[in-house]
Amino acid sequence: METKVLHIKENLRKPEYFVYIILAVMFTVAVIASPGYLQRAHMSGLLKTASFLGIAAIGQTFAILLGDIDLSVANTITLGNVLGAQILMGSDANLGKAFVIILLAGILIGAGNGFGIRYLKLDPFIMTLGMSSVIEGVFMIYTQGAPKGKTSPFMSSLCRSAGTGVVTGVFLIWIVLVVIAIFVMKKTTFGRNVFAVGANKTAARFSGINTTKIYFIVYIISAVLAIFAGFLLVGYTGTSYLDVGVDYNDNSIAAVIIGGTAVTGGRGGYLGTLAGVMLMVMLVDFLTIVNISEAGRQMIQGGIIIILLLLYNRDKASH
Amino acid sequence: MTKVLKLMKEEKFKYKYSGVIMAYLFLVLFMVFIGMFDDSFFTGRNLSNVIYTAFPLVMVSFGQTICLLTHGIDISLGMILSLSNCVCIVLMKPDEPLGWVTGVAAALVTGMVCGLINGILIGRFRLAALIVTLSMSTVYGGIALYLLPMPGGSIHKGFAKFLRGKLCGIPVVFFLLLIVLVIVRAVLNQTPLGRKIRAVGGNYAAAYATGIDAVRTKIIAHMLAGLLSAVGGVFLAAYMYSGDPTIGSSYSLRAIASSIIGGAVFSGAVGDVLGTLAGVVILTLINNMLNLLGISSYFQFLLQGIIIIAALALGSLKNVNR
């Protein structure tokens, strides 16, 4: 019994669990500070916003677990949004076509990243940055700077909550992906291999792991999930915007790191990211509710992330 | 001549300068390519345009190279540029004869203070540079937005005229760029501080064990980077005659790209600002080329991405067997 309590205490010290305590504290503060926080419409909106970031953050978690980073997430989301809206053109009949094209585009982007990193030996940071610029070029040329297109009834219905609940289709998709992501990370050989490669690339290679394959799969997962997050955003925005993805690089990286995944790779997981995502979304939402100007919102948001990092660091120092 | 050739064959020389040489090789090829397609490329007017456009990015990239040398990174440099740009405009007194002094001084101090904060968080508290500077970037951007909610303000006319002026037909900024290049390069390659920066970046534990104050070195490196970015911010204030709180948002990542194209590496210690300069010019020429050739600016991003990847792939191909 004694050891069990100690074990729990020890675990709570880990960032990926500690972040849930912070999340709980923040939630309590938000509920007390703003009346109507728990209202159905608000909670539904909050979870919906979290879903888009959460889906994109799955790929980012994989990339950071490898010890890398994926900077092409933001523009991939925008590409998904633009492609989606322009192919759908307001009709459900085009859904299948849009799905296939989006999936192919995602695989292409991910494979491109994997190729650059493994065969051209480019640093992931710079490769995904370059890829990000290429994607931006593609959607700029595709739209000629003026995106068109319209959501279809089905896509819009995914963003509406059913009946009286707070659950939206997008949220359900996220939850399914969360379960799959956590299962893949914890229980499958592939997941284990990602951790191994992230912890020590050379050791992983010499123990017989096909590192090239791991890299390709991780970047394809990241690109495909990001582009689908952008596709789902079509239902939310109604049409497409060229800056719809802009914040997603910073926010997904912040969510993953706040969630306790180490930037050096090999430690962490999606369970922490889940809380990181909720924390980021609640922070932005709360600062909007209390009506702070954009300037103040940015200062506080950045400041809070720094404070969280300092809290984690104190933890690490005590080990 | 034979002496030079012999020197170039030495392993140490290759290791130190291969990145820089590749960058200049690529730059020359690129310039010849543009020159072939367009006669107006090698005109004084166009080249001074290139210098004006490149100058702020050169400053930020030099700063970024210093951070990369310490095995760090600074994603907030772009927003430090924005912030110092706004500080400069807000404190500028356009009507007094020496009204530019307070604005410029405050902007430079702002840059150094921002660098100091980054340096302390990264050096003293050992936080991951990437995420710290990412978050601080938001903070600096917020402060800039608070100081100057809308792009605008006015600049001291005499000061702007000086920075936009020409000396013997060559932009004053070009000389300024050379001076900064010489100073930064001397600091990084010839002084104890430069050696300390490289030592800390190459092997933190070993540098610490040798008695180098690693924390202080990192802080100084980030302060230098902040100061250089502030110089870029001040120049942009003079060049655009106004301030803009979001002007720096794209600089950080482009600065990283140009540093890496110029031969710096993410693992620290290796890199030279001379190469970084070539990297910046390559990136700047992409837009210039599109303008000259009359290609839609929508191709700018596509080409930028492809060229970044191509330039680096070229450099790393010979190392495939490592």
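**Helix packing in chain B**

In chain B, helix α3 (residues 44-69) and helix α8 (residues 172-190) have axes that come within 10 Å and cross at roughly 10°. Because angles under 35 degrees count as roughly parallel, over 145 as roughly antiparallel, 65 to 115 as roughly perpendicular and the rest as oblique, α3(B) is roughly parallel to α8(B). Axes here are lines fitted to C-alpha atoms, for helices over the stretch in contact, and angles run from 0 to 180 degrees between N-to-C directions. Helices (H or I, at least four residues) and strands (E, at least two) are DSSP runs, numbered from the N terminus.

The model is predicted: local features need pLDDT of at least 70, side-chain atom pairs count only at pLDDT 80 or more, and totals for chains, interfaces and linings use all residues. Residues are numbered from 1 along each chain as its sequence is written, while chains are lettered from A and ligands numbered from 1 in the order in which they are written.

Two residues are in contact if their C-beta atoms, placed from the backbone, lie within 7 Å.

A second pair of helices in chain B, α9 (residues 192-202) and α11 (residues 214-240), packs at an angle of about 110°, with axes 10 Å apart. That angle makes α9(B) roughly perpendicular to α11(B). Here B:Leu193, B:Lys196, B:Ile197 and B:Val200 of α9(B) meet residues of α11(B) that include B:Thr217 and B:Lys218. The contact of α9(B) with α11(B) has 6 nonpolar, 1 polar and 2 charged residues.

**The whole chain and its partner**

Chain B comprises 14 helices and 2 strands in all. Helix α4(B) is mostly covered, with 13 of its 14 residues buried.

Chain B also meets chain A: 37 residues of chain B are in contact with 38 residues of chain A. On the chain B side, α6 (129-147), α12 (251-261) and α14 (299-317) each supply at least two residues, and α6(B) gives the most, with 13 residues. This side of chain B divides into 28 nonpolar, 8 polar and 1 charged residues.

Methods. Nonpolar A, V, L, I, M, F, W, Y, C, P; charged D, E, K, R; others polar. Buried ≥ 20, exposed ≤ 12 C-beta atoms within 10 Å, placed from the backbone.
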